[in-house]
Amino acid sequence: MGDDSARPPSGGVRAQRKQQTRQTLLAAARRVLRRRGFAGLTTRDVAAEANVAAGTFFVHFPDLNTLVETLLDEHIGRALEAAMSTLPPAGDLVGRLVHVAGELYASYDREPDLARQYLSASLFHTNPQGPADRRMAEFRRWVTRELEEAASAREVALPDPDLLFTAFFSLYFGILVAGLRGEMDRAAQLRLLEASLTRILTAQHRQERT
């Protein structure tokens, strides 16, 4: 008899195959998006590109928007991982925020046409349990923690962390869109973001002291 202990459990094999199929579908969707854009994306085309049955798509994703949202989430996740591994030292709040934004801008710059497809497909797709909402919640917690630590070190005043996060993200996203529209290059994006954040945080600090 063979040594069954060397074989992975059948449930583990099924889970591995399911994950592989999911990744195959995501890679296929990325290729179709590059060729046709979101307007030309269909579940049948994605399944055919992945060489799986049409119904297999719905085993992994309820609809196309969720699939593209997942692509965007994976894209952002890779960029944030790179950003967090090379953060400037603590004590430079603006530098750390701009550094993270810069990594995100750079990731979109590598394939701007695909980035536009990701954003246009997911921007108004509301899914409270989806990957984009979870990623945003994690990012909000990180930025809020950075603000609180800077306030503890008396680097900035922190009257309303939610307001400051909203200001930061609004600046970040508006500048991202301007870059994707070809209105400014990455260096200009970072200069504008740094100058704007410095002005906002300096104004908050002055108000707190008066």
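Biologist: Where do F169 and F173 lie, and how many residues apart are they?
Modeller: Both lie in helix α8, 4 residues apart, about one turn of the helix. This is a predicted model, where local features need pLDDT of at least 70, side-chain atom pairs count only at pLDDT 80 or more, and totals for chains, interfaces and linings use all residues. Residues are numbered from 1 along each chain as its sequence is written, and side-chain values use heavy atoms, with hydrogens and water left out.

Biologist: Why is F169 called partly exposed?
Modeller: Its relative accessible area is 22%. Buried means under 20%, exposed over 50%, and partly exposed in between (1.4 Å probe, protein chains only). F169 therefore falls in the middle class. F173, at 23%, is partly exposed too.

Biologist: How many aromatic pairs are there?
Modeller: The count is 9. Y105 and Y172 form a stacked pair, with ring centres 5.3 Å apart and planes at 10°.

Biologist: What makes that pair a link between distant parts of the chain?
Modeller: Y105 is in helix α5 and Y172 in helix α8, 67 residues apart. The rings of F169 and F173 also pair, with centres 6.2 Å apart and planes at 20°.

Biologist: Why are these pairs called stacked?
Modeller: Rings of Phe, Tyr and Trp (its six-membered ring) pair if their centres lie within 6.5 Å; planes under 30 degrees apart count as stacked, over 60 as edge-to-face and the rest as tilted. For Y105 and Y172, 5.3 Å and 10° meet both limits, so the pair is stacked. For F169 and F173, 6.2 Å and 20° do as well.

Biologist: Which residues do ring pairs link into a cluster?
Modeller: Y105, F139, W142, F165, F168, F169, Y172 and F173.

Biologist: Are Y105 and Y172 buried or exposed, and how do you know?
Modeller: Buried. Y105 has 1% relative accessibility and Y172 has 5%. Both values are under the 20% limit.

Biologist: What makes a set of residues a nonpolar core?
Modeller: The members are buried Ala, Val, Leu, Ile, Met, Phe, Trp, Tyr and Cys residues joined through side-chain atoms within 4.5 Å. The largest such core has 50 residues, and V46, L67, Y108, F139 and V143 touch the most other members. Elements that give two or more residues include α2 (43-50) and α8 (161-180). Domain 1 (10-61) and domain 2 (64-208) each supply at least three residues; these bounds come from an automatic or database domain assignment.

Biologist: Which residues does V143 touch?
Modeller: L97, F165 and F168, not counting residues up to four places away in sequence. Contact means heavy atoms within 4.5 Å.

Biologist: Why does H60 count as buried?
Modeller: Its relative accessibility is 13%, which is under the limit of 20%. H60 is in helix α3 (residues 56-60). Leaving aside neighbours within four places in sequence, H60 contacts K18, T21, R22 and L25.

Biologist: Which residues does the UniProt annotation "DNA-binding region" cover?
Modeller: An unreviewed entry gives 42-61. UniProt positions follow the numbering used here, feature names are shortened, and annotations may be inferred rather than shown by experiment. In the model, residues 42-61 are 65% helix and 0% strand.
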